[in-house]
Every structure is written in structure tokens, then in C-alpha cells.
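I opened my notebook to record a few look-ups. Here is what I wrote down.

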Amino acid sequence: MHPPDRTTTVAVVTTFHPEAGLADRLAPVLAQVERVLIVDNASAPSNQGEARALVASGRVDAIWNSANLGLAGALDQGLAWADARGAAWALLLDQDSRPLATIVEEAARVVAAAGGARVAAVGAGMTDRDPGRRPGDDGWAEERAVIASGTLIAVEAWKAIGGFRRDFFVDYVDLEFCLRARSAGYRVLRSLHPTIHHAIGHPERRRLMWRMVTTTHHDRDRRRSITRNRIVVWRTYWRREPRFVAADAWAFAKELVKLTFVEADRRAKVRAVVSGVRDGLRAPLGWP
């Protein structure tokens, strides 16, 4: 497997009504990869200005979807583009993430430190969570799953396991891909050295009784989608990945407490969660 570097790696950036500052957020990536692709999921024309300016400058390519294909559809388009270019790796980025200028170099270090065999994904360390390497510490970990933004995906692994699960649309697309890759014998790694700033949802610190908690403020539709896909993942992988399912179930319980006591529109969101559980239990298992 070729290690990630400027000649073997492209970047795939998914956009949907991106906020101002996209060009600044992508600037650290341009010198690290062979090419950048923006996959736009039918953003309003008023939100496409910076992306189109980057394309016009010759610095990036773009796919302009006429309909929202979701994260899964956009990532599949991006990986197919990477494969057509002969790239070995694709760096996945959300439109609001802020990667550092060392993200590809750090991924290459992790792949080398892990021996390089059958790696499907290398996740990035988060600037607000990971402490970085310490003396005597390898600074990386083997994971069950990593989030998409900041992750380098091996194009060969993406092809081998059949791409991303498009019926999930957005939520759990990345996590399910990693679990499926592990089921196929691939490894999922993550750097503990911070190389990206990425926020999930619209995080806000709120007081819950005697402690401060972080809540994401996903709306009711996202709550239903998250819960539906979460239940499908649990039903699919509980035998092969019991630790992941147990940890995610605990995370779900904590989310319910925060949703019930500190978020706005809580009754509607609780109903959405109940609906998502019902949908997840009714959904057929297996590859759609």
C-alpha cells in the first residue's frame, strides 16, 4: 500500500450551503495533496461563490449536484473521482472543518507506525480533545470507527467493501463504513496528535444539575435520522462489535438525558427519537 503523501493523496470536500471562509479553511490542504475536489450537494447559488472562485482559479475541481445526495452519495462521488485519478488515498473534509498543515504528514506517520498492512481509514486527532504525542508514546490508536472529516480513506478499501451506505444519507455513514471495513479484515487507525478542528452539530455548553455538559442541538429530523441509523448499526454489528455497540448505547443514554433536560424543543425531539427507534427496528438489515 502506498503511504499518504502529496503524490498519492487527494482531498474530497463535501459542501451544502457552506458558510463564508471556505477558501481559508481549505488553504492548509492545497499544498498537501495532489488535487482537491469539492462535491456540492445542491447548495443555493448564493452559497457557492467561494467554491466557484476556487474552481475558476484552477486550484480545485468540483462536482455540482442538482439534488442533495447526502454525505454518502457525495463521498462515493469523491472516491470514484479519486480512483479515476489513480489516487491511493482520499482526505475527507466537511465544509466547516479546519485542517492543519500537517494532517497528511501525520496520517502517513500513523500508517508507517502501524505497519501499513490493510489500512482502510486513518482518522485525525481533534484540536479540542486530543493531547498530542508524549515522550515514549506512539501517538496513535487502533479504533473501531472514526468520523469522516479529517480521515484519510484508502481507495482500494473503499472499492473492496462497496462504498458508503447511501440509505443512511448522513448520520452514521462514516461509522458504519469503518465497522464494515473491519468486518472485511481492514484496520481503522487514528492519530492522537491534533491536526483538525471539527465541531459536531452546534455544540453549546450548558449546566445540567451540578455539572457542565455539551449539547449538539440537532433538530428533530436529524434526531430521527441519527436514532434510526444508530439502531440499524446496533442490529447489524452487535455480535462482531459488541464493545462499539455498548459504548454507543451508553452515549445514546447520555444524549437522551441532555436532550430531555437542556435542549430546546425537547418534546418534539423526544418524539423524533422514539420514531427513529421504531424505524430502526423495522428497517431491513444487510447491504441495501
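**Entry 1: helix H9**

I began with helix H9, where Ala 268, Lys 269, Ala 272, Val 273, Ser 275, Gly 276 and Gly 280 are buried. I noted that the model is a predicted one. H9 covers residues 266-282, which makes 17 residues. From the first C-alpha to the last I read 24 Å, close to the 24 Å expected at 1.5 Å a residue. I also wrote down a rule: an α-helix has 3.6 residues a turn, so residues three or four places apart point the same way.

Next I looked up H7, residues 220-237. Does its span agree with its length, or disagree? At 1.5 Å a residue, its 18 residues should span 26 Å. The end C-alpha atoms are 26 Å apart, so the span agrees. The buried residues of H7 include Arg 223, Arg 228 and Arg 230. Ile 226, Ile 231, Val 232, Val 233 and Trp 234 are also among them.

Then I turned to H4, residues 103-113. Here Ile 103, Val 104, Glu 106, Ala 107, Ala 108, Val 110 and Val 111 are buried. Gly 115 follows H4, and its phi is positive, near 95°.

I moved on to S2, residues 35-41.

S2 pairs with strand S1, residues 9-15, in the parallel sense over six bridges. I followed the chain from S1 through helix H1 (residues 22-30) to S2, and this β-α-β crossover is right-handed. S2 also pairs with strand S3, residues 61-65, in the parallel sense over five bridges. From S2 the chain crosses through H2 to S3, and this β-α-β crossover is right-handed.

**Entry 2: Asp 40**

I picked Asp 40, which sits in S2. Thr 15 stands opposite Asp 40. In S3, Trp 64 is opposite Asp 40. Which side chain of opposite charge is nearest to Asp 40? I found Arg 52, 6.6 Å away. Asp 40 is buried yet has no salt bridge. I left aside neighbours within four places in sequence and listed the contacts of Asp 40: Thr 15, Phe 16, Pro 18, Gln 48, Ile 63, Trp 64 and Asn 65.

**Entry 3: Asp 94**

I found Asp 94 in strand S4, residues 89-94. Is Asp 94 buried or partly exposed? Its relative accessible area is 22%, so Asp 94 is partly exposed. Asp 94 and Val 13 are 81 residues apart along the chain, but their C-alpha atoms are separated by 5.8 Å. Not counting residues up to four places away in sequence, Asp 94 touches Val 13, Thr 14, Ser 149 and His 198.

**Entry 4: two positive phi values**

Ala 42 has a positive phi, near 65°. I placed Ala 42 in the loop between S2 and helix H2 (49-56). Ala 42 counts as partly exposed because its relative accessibility is 27%.

Tyr 172 has a positive phi too, near 70°. I found Tyr 172 in the loop between helix H5 (155-161) and helix H6 (173-183). Why does Tyr 172 count as buried? Its relative accessibility is 9%, and the cut-off for buried is under 20%.

Definitions and conventions:
Residues numbered from 1 in each chain as written. Predicted model: local features only at pLDDT ≥ 70, side-chain atom pairs only at ≥ 80, totals over all residues. Heavy atoms only, no water. Buried < 20%, exposed > 50% of the residue type's maximum accessible area, 1.4 Å probe, protein only. Helix = DSSP H or I, 4+ residues; strand = E, 2+ residues; numbered from the N terminus. Lys, Arg positive; Asp, Glu negative; His and termini not counted. Salt bridge = Lys/Arg side-chain N within 4 Å of Asp/Glu carboxyl O. Contact = heavy atoms within 4.5 Å. Expected span 1.5 Å × (residues − 1). Pairing = 2+ DSSP bridges. Right-handed = clockwise from strand over helix to strand, strands pointing away.
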